[in-house]
Amino acid sequence: MKKARAWLDAHGVAYAFHDYKTAGVDAATVSGWAQQVGWEKLLNRAGATFRKLPESDRADIDANRAIALMLAQPSMIRRPVLVQDGRIIVGFKPELYQEFFGA
């Protein structure tokens, strides 16, 4: 998140921050994100919250289960998620931000 914010600031990109870990996020938003980028990209399997799940909860995940997990524990959503003009980008890579924002 720090790198993403620093990149946005350095390139003069205005943004509004929404902390979905504390403020929450609705089902329609997460479902829409998952449809655009794929639930596999949106679900943070490397995070501690996901790794602490019982094996039975981590096995055989499909889109519906992944979305339910992310809604129940928003810290399982990979960050940051940037939304602009109906497009989204997940995670931080400077070259992708460059392309996304045309900066």
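## Exercises on helix packing and aromatic pairs

Trp7, Phe92, Tyr97, Phe100 and Phe101 together form one aromatic cluster. The model is predicted, so that local features need pLDDT of at least 70 and side-chain atom pairs count only at pLDDT 80 or more, whereas totals for chains, interfaces and linings use all residues. Residues are numbered from 1 along each chain as its sequence is written, and side-chain values use heavy atoms, with hydrogens and water left out.

**Exercise 1. Describe how helix α1 packs against helix α8.**

Two packed helices are described by the angle between their axes and the distance between the axes. Helices are DSSP runs of H or I with at least four residues, strands are runs of E with at least two, and both are numbered from the N terminus. The axes are lines fitted to C-alpha atoms, for helices over the stretch in contact, and the angles run from 0 to 180 degrees between N-to-C directions.

Step 1. Helix α1 covers residues 2-10 and helix α8 residues 94-101; they pack at an angle of about 40 degrees, with their axes 11 Å apart. That angle makes α1 oblique to α8, given that angles under 35 degrees count as roughly parallel, over 145 as roughly antiparallel, 65 to 115 as roughly perpendicular and the rest as oblique.

Step 2. The crossing of α1 and α8 is right-handed; a crossing has this hand if the near helix is turned clockwise from the far one by less than a right angle, and is left-handed if anticlockwise.

Step 3. On the α1 side the contact (heavy atoms within 4.5 Å) is made by Ala4, Trp7 and Leu8, and on the α8 side by Pro94, Tyr97, Gln98 and Phe101. Sorted by class, the contact of α1 with α8 has six nonpolar residues, one polar and no charged ones, where Ala, Val, Leu, Ile, Met, Phe, Trp, Tyr, Cys and Pro count as nonpolar, Asp, Glu, Lys and Arg as charged, and the others, Gly among them, as polar.

**Exercise 2. Classify the ring pairs that Tyr97 forms with Trp7 and with Phe101.**

A pair of aromatic rings is described by the distance of the centres and the angle of the planes. Rings of Phe, Tyr and Trp (its six-membered ring) pair if their centres lie within 6.5 Å, and planes under 30 degrees apart count as stacked, over 60 as edge-to-face and the rest as tilted.

Step 1. By this rule the count comes to six aromatic pairs. Trp7 and Tyr97 form one that is edge-to-face, at 5.4 Å centre to centre and with 85 degrees between the planes. This pair links distant parts of the chain, with Trp7 in helix α1 and Tyr97 in helix α8, 90 residues apart.

Step 2. The rings of Tyr97 and Phe101 have their centres 6.0 Å apart and their planes at 65 degrees, so this pair is edge-to-face. Tyr97 and Phe101 both lie in helix α8, four residues apart, about one turn of the helix.

Step 3. Trp7 counts as buried at 9% relative accessibility, and Tyr97 counts as buried at 0%; buried means under 20% relative accessible area, exposed over 50%, and partly exposed in between (1.4 Å probe, protein chains only).

**Exercise 3. Examine the backbone at Pro80, Asp60 and Asp85.**

Step 1. Arg79 and Pro80 are joined by a cis peptide bond whose omega is about -15 degrees, and Pro80 is found in the loop between α7 and β1 (81-84).

Step 2. Asp60 has a positive phi of about 50 degrees although it is not a glycine; Asp60 sits in the loop between α6 (55-58) and α7 and is exposed, with a relative accessible area of 73%.

Step 3. Asp85, a residue other than glycine, has a positive phi near 50 degrees. Asp85 is placed in the loop between β1 and β2 (87-90) and is exposed, with a relative accessible area of 72%.
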